Amino acid sequence: MAKANDRLHQFDAQLKATVASLLEEQGFTRSGRTRLWTRPSETAQGVCQLVWIQVGESASTLGGRFTVEFGIYYPKYDRFANGRDLIGPFIGACHFDVRTRLGLLMEPAEDRWWKYNGTEEQLAKQMVETARLVAELGLPWLAATDTAANLATYNTGKVPEPDRLRREAFLKHQAKQKSK
């Protein structure tokens with residue numbers, strides 16, 4: 001049986017060949033050595049789309065598993081929510097103003113973590129399937145939510161509770177700005 005570190009290296013190699021390749025073809029740039037890709041929005045200045053491949057810690061129950069998160073960073077909303085400007089050019093996974101996970105875009109909508117254990121062939125098939133789901137579900141979700149106007153109208157009922165509250169706070173802020 002492969003060691004955890006070897007499996008993670010195999011995972012990263014398959015990720016690079018499938019999901020990363022798809023994202024880079026779509027204009028995303030990888031942030032350093034992380035599993036985070038960003039792309040400036042074509043529709044709103046300063047808005048940034050993010051795709052994060054989150055890997056479970058080996059010591060946790062999520063060890064050997066991964067999930068895919070999609071998020072949007074809104075600079076105006078970040079200043080409103082946190083009372084500060086983002087320092088420097090780096091936008092990370094912690095800067096999502098609205099987010100969802102791939103499993104929440106699927107039927108039934110649920111938080112899903114996929115295993116990356118098994119043979120190289122099984123992992124390759126899993127990553128090809130992951131890339132397909134990112135293309136069919138995740139990228140359209142990003143397109144539907146990357147502007148304030150789209151965020152205001154986008155509501156699937158699949159948004160986790162903290163994100164629903166953030167969205168409501170954002171909409172209240174937007175309404176105040178329009179009334180000024």
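Me: Hi! Are F66 and W114 buried or exposed?
Reply: In this predicted model, F66 is buried and W114 is buried too.

Me: Thanks. How many aromatic pairs does the structure hold?
Reply: There are three aromatic pairs. One of them is formed by F11 and Y116, a tilted pair with 4.8 Å centre to centre and 40° between the planes.

Me: And where in the chain do F11 and Y116 sit?
Reply: F11 is in helix 1 (residues 4-25), while Y116 is in the loop between strand 6 (114-115) and helix 3 (120-145). F11 and Y116 are both buried.

Me: Back to F66 and W114: why is that pair called tilted?
Reply: Their ring centres are 5.9 Å apart and the planes meet at 35°, so the pair counts as tilted. F66 belongs to strand 4 (residues 65-73) and W114 to strand 6, so this pair ties together parts 48 residues apart in sequence.

Me: Which residues form the aromatic cluster?
Reply: F11, F66, W114 and Y116 form one cluster.

Me: New topic: why is strand 2 largely enclosed?
Reply: Strand 2 covers residues 36-40, and four of the five are buried, so the rest of the structure largely encloses it.

Me: How many bridges join strand 2 to strand 1, and how many to strand 3?
Reply: Two bridges join it to strand 1 (residues 29-30), running antiparallel. With strand 3 (residues 48-55), strand 2 pairs over five bridges, also in the antiparallel sense.

Me: Which residues stand opposite R30 and P40?
Reply: R30 faces W37 in strand 2, and P40 stands opposite C48 in strand 3.

Note on methods. Residues numbered from 1 in each chain as written. Predicted model: local features only at pLDDT ≥ 70, side-chain atom pairs only at ≥ 80, totals over all residues. Heavy atoms only, no water. Buried < 20%, exposed > 50% of the residue type's maximum accessible area, 1.4 Å probe, protein only. Pairing = 2+ DSSP bridges. Phe/Tyr/Trp six-rings, centres within 6.5 Å; stacked < 30°, edge-to-face > 60°.
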